[in-house]
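Let's take a walk through a protein model together. Keep the picture open beside you and look up each residue as we reach it.

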Amino acid sequence: MHDFLATKFSRWFPGHEATSMAKKAIKLSENLRAQVPPCVLHALLVSWLNAWCTDRRFQKEPRACVLSEQCKGRDCIEHYAVCEHMWNAAHKKLKVSMSRCSISRFFALEPLINDDCAILAANVYAVLSLTNRLRASNMRCSADSLHTELWEAHRTLSIQHKGLRKRCINIWTA
Ligand SMILES: [Zn+2]
């Protein structure tokens, strides 16, 4: 599994970084197993493996970022991982810091000191499911609805999963 992931990660990370990220990914998926529902682990895995159904993946000319009508980014994981509109919405609803909006942090592989990896992973699930839905209906989020749309995915997860529900309550009562 480690070598397989390291090969896949060479898409995202240069040289030895891919190997160290693969190690982190294996450790993280073991740790997260008890903390998030299987759909969140699945979302994380298909992200690491570059298996989102983006235009870029299907070698079409990528459409614009579907997360915001105002975004100049394209429909590809590389963009969504660093999309300022996405991080802004995550900051607004999940109170995550905006200080390092990188692909390794989006993938929950290099969290900041105050990040909760279960919340970062749930955010990957929320972004993946929302982009799938918007792409399927050929729509883009309006500037002021992204945080509500992403929050809806978190709310659905927290109804299904007691651990995530507790984490969301903690965020809002902290
Ligand atoms: Zn964007």
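Predicted model: local features only at pLDDT ≥ 70, side-chain atom pairs only at ≥ 80, totals over all residues.

Start with H2, which sits in helix α1, covering residues 2–9. Is H2 buried or exposed? It counts as exposed, because it has 11 C-beta neighbours inside 10 Å, and the cut-off for exposed is 12 or fewer. Take K23 as an example: it is 21 residues away from H2 along the chain, yet the two C-alpha atoms are separated by 6.6 Å.

Now head for the core. The largest nonpolar core has 46 residues, and the ones that touch the most other members are L67, A121, A122, V124 and Y125. Which helix gives the most to this core? That's α7, with eleven residues.

Zoom in on V124. Setting aside its neighbours within four places in sequence, V124 is in contact with A43, L44, S47, F106 and A108. L128, a residue of helix α7, also touches A43 and S47, along with W52, again not counting residues up to four places away. L128 is buried because 23 other C-beta atoms lie within 10 Å, and 20 or more is what it takes. For a contrast, look for M98: it is 30 residues from L128 along the chain, and their C-alpha atoms are separated by 20 Å.

Those names A43, L44 and S47 lead us to α3. Its buried residues are V40, A43, L44, S47 and W48. Where do they sit around the helix? They are on the same side of α3, because they cover an arc of only 130 degrees around the axis. The elements covering these buried residues include α1, α2, α4, α7 and α8. After α3 comes N50, with a positive phi near 60 degrees. Hold on to that detail, as we'll meet it again soon.

Next, find α5 and α8. Two packed helices are described by the angle between their axes and the distance between the axes. Here α5 and α8 pack at about 60 degrees, with their axes 9 Å apart, and the crossing is right-handed. From α5, the contact uses H85, A89, K92 and K93, while α8 brings L146, H147, L150, W151 and H154. Sort these contact residues by type and you get four nonpolar, three polar and two charged.

Finally, back to phi. Most residues other than glycine have a negative phi. K95 has a positive phi near 55 degrees and lies in the loop between α5 (84–94) and α6 (103–106). N138 also has a positive phi, near 55 degrees, and its loop runs between α7 (117–136) and α8 (146–160). How exposed are they? K95 counts as partly exposed because it has 13 C-beta neighbours inside 10 Å, whereas N138 is exposed, with 8 other C-beta atoms within 10 Å.

Definitions and conventions:
Residues numbered from 1 in each chain as written. Helix = DSSP H or I, 4+ residues; strand = E, 2+ residues; numbered from the N terminus. Axes fitted to C-alpha atoms, helices over the stretch in contact; angles between N-to-C directions. Left-handed = near helix turned anticlockwise from the far one by under 90°. Contact = placed C-beta atoms within 7 Å. Nonpolar A, V, L, I, M, F, W, Y, C, P; charged D, E, K, R; others polar. Core = buried A, V, L, I, M, F, W, Y, C linked by C-beta atoms within 7 Å. Arc of directions from axis to C-beta.
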